[in-house]
Amino acid sequence: EIERCRKRMRPLTPLMELPSSIKHLSRSECVLVFSCNDKFDVDETQFTEAILKELHERELTPLRYNLSGRENLDVDMLYRSSVGIMVVSNSLAHSSQTLDHLVSIMEYRKAKDLVIIPVYLKVTPSDIGLEVVFPQYQSSIQADRVQKWKAFMTELASMDGHQWTKLTQFMLAKKVVKNICFRLHVKNSKNLIRILALLNHPQPSEAKIEGIWGMAGIGKTSIATEIFEILAPQYDSCYFLQDFHLMCQRKGLRQMRDDFF
């Protein structure tokens with residue numbers, strides 16, 4: 001019954017420490033950092049720098065990819081990494097050239113299975129700040145081009161990401177980089193890929209349980225928590241219940257059931 005109450009609500013449980021194998025990835029691992037900050041937004045600059053610093057501390061190589069001022073897609077840089085962090089702000093809509101470049105990035109993402117984790121800075125996924133900007137392009141740029149921008153911005157907004165707040169920006173940088181480390185580990189781990197494949201497979205209506213076995217302290221809870229973070233947006237509501245056996249001993253199954261229902 002507890003398993004059945006999963007469905008779309010962000011977990012309240014804090015992230016646990018990552019296993020040492022995820023903390024210390026190879027130096028050869030690269031992470032793309034997309035932004036279009038022109039140095040005028042101090043918060044965006046500070047947050048991007050915090051992400052770069054955290055990547056360096058985890059011995060990852062950041063590839064800073066500025067979306068503004070580019071005419072062509074830098075395929076060589078994109079090819080060097082399979083994951084990226086995108087700082088999404090109103091700066092994206094400052095020029096038609098930047099929006100065209102964003103479309104190229106999203107098309108590349110689909111073709112090459114590039115994982116992008118968006119961070120919404122001073123905007124929300126449902127309002128990326130383009131509603132005010134699009135009308136100024138309507139008279140000067142063909143309608144199909146504007147429609148393509150809207151389609152890809154809608155796709156970007158549908159991706160699971162993080163919401164920036166000024167008071168928590170440095171802790172958020174650590175959380176985003178931790179997420180990226182896990183995504184890199186998933187791409188390189190056949191076992192984690194199998195776990196996600198099992199959980200993503202169409203399931204019957206009854207509850208299903210997948211187990212993660214291993215000795216104490218090797219990161220089972222960390223893996224379960226991160227997988228929960230990835231899969232939670234697919235459901236209407238969900239809940240991460242940690243230390244089930246301890247709660248069961250302390251409260252009993254009947255009281256736990258009453259707490260949920």
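## Nonpolar cores

A nonpolar core is a set of buried Ala, Val, Leu, Ile, Met, Phe, Trp, Tyr and Cys residues joined through side-chain atoms within 4.5 Å. In this predicted model, the largest such core holds 28 residues, and the members that touch the most others are Phe 34, Met 86 and Ile 105. At least two residues of this core come from each of strand 1 (30-35), strand 2 (61-66), helix 3 (75-79), strand 3 (83-88), helix 4 (96-112), strand 4 (115-120) and helix 6 (143-158). Helix 4 gives the most, contributing six residues to this core.

Leaving aside residues up to four places away in sequence, Met 86 touches Phe 34, Leu 102, Ile 105, Ile 116, Ile 117, Pro 118, Val 119 and Leu 156. Another core, of 23 residues, lies apart from the largest one, and Phe 47, Val 83, Val 119 and Ala 173 are among its members.

## Overall organisation

The protein has eleven helices and five strands, and 43% of its 261 residues count as buried. Among the contacts with a separation of 6 or more, 79% are between residues 24 or more positions apart. The accessible surface comes to about 14800 Å², and carbon and sulfur atoms account for 54% of that area.

Ser 158 counts as exposed because its relative accessibility is 59%, where exposed means over 50%. The C-alpha atom of Ser 158 is separated by 9.9 Å from that of Pro 118, although the two residues are 40 residues apart along the chain. Pro 118 is also one of the residues that Met 86 touches.

Note on methods: Residues numbered from 1 in each chain as written. Predicted model: local features only at pLDDT ≥ 70, side-chain atom pairs only at ≥ 80, totals over all residues. Heavy atoms only, no water. Helix = DSSP H or I, 4+ residues; strand = E, 2+ residues; numbered from the N terminus. Buried < 20%, exposed > 50% of the residue type's maximum accessible area, 1.4 Å probe, protein only. Contact = heavy atoms within 4.5 Å. Areas by Shrake-Rupley, 256 points an atom, 1.4 Å probe, with all protein chains shown as cover.
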